[in-house]
Amino acid sequence: MRNNLFWLSDEQWEKIQPLLPTDVRGKPREDDRRVISGILHVLKIGCRWCDCPTEYGPPTTIYNRFTRWARRGVWERLFRELAER
């Protein structure tokens, strides 16, 4: 595993995980922690979605999760909740 990858710590994940959507329809979601770590990596590094390291999973999955949750307001709710704590 490469050293320059971003991974959510156990402490960070414990705060985020209970705030994630639970209304999964159809196919089960990919590992949330891995995909969210990939999203944060892309945002932090500034790379293109297609250049996201494979350790985070398929770039399409990472991009789709980011955009779908953005449309649903998931990120905004998540950040508000975390900021209020």
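Reply: Helix 3 (residues 59–72) and helix 4 (residues 74–84) pack with their axes 5 Å apart, at an angle of about 75°. Helix 3 is therefore roughly perpendicular to helix 4, a term for angles of 65 to 115 degrees. Axes are lines fitted to C-alpha atoms over the stretch in contact, and angles run from 0 to 180 degrees between N-to-C directions. Helices are DSSP runs (H or I) of at least four residues, numbered from the N terminus.

This is a predicted model, in which local features need pLDDT of at least 70 and side-chain atom pairs count only at pLDDT 80 or more, while totals for chains, interfaces and linings use all residues. Residues are numbered from 1 along each chain as its sequence is written, and side-chain values use heavy atoms, without hydrogens and water.

In the contact (heavy atoms within 4.5 Å), Arg65, Phe66, Trp69, Ala70 and Arg72 of helix 3 meet Val74, Trp75 and Arg77 of helix 4.

A salt bridge is a side-chain nitrogen of Lys or Arg within 4 Å of a carboxyl oxygen of Asp or Glu; the count comes to eight. Within helix 4, Arg80 and Glu76 lie four residues apart, about one turn of the helix, and form a salt bridge whose closest N and O atoms are 2.2 Å apart. Salt bridges that share partners also join Arg29, Asp32 and Arg65 into one network. In the bridge between Asp32 and Arg29, the closest N and O atoms are 2.7 Å apart. Asp32 is buried, at 14% relative accessibility, whereas Arg29 is partly exposed at 27%. Buried means under 20% relative accessible area, exposed over 50%, and partly exposed in between (1.4 Å probe, protein chains only).

Methods:
Helices (H or I, at least four residues) and strands (E, at least two) are DSSP runs, numbered from the N terminus. Angles under 35 degrees count as roughly parallel, over 145 as roughly antiparallel, 65 to 115 as roughly perpendicular and the rest as oblique.
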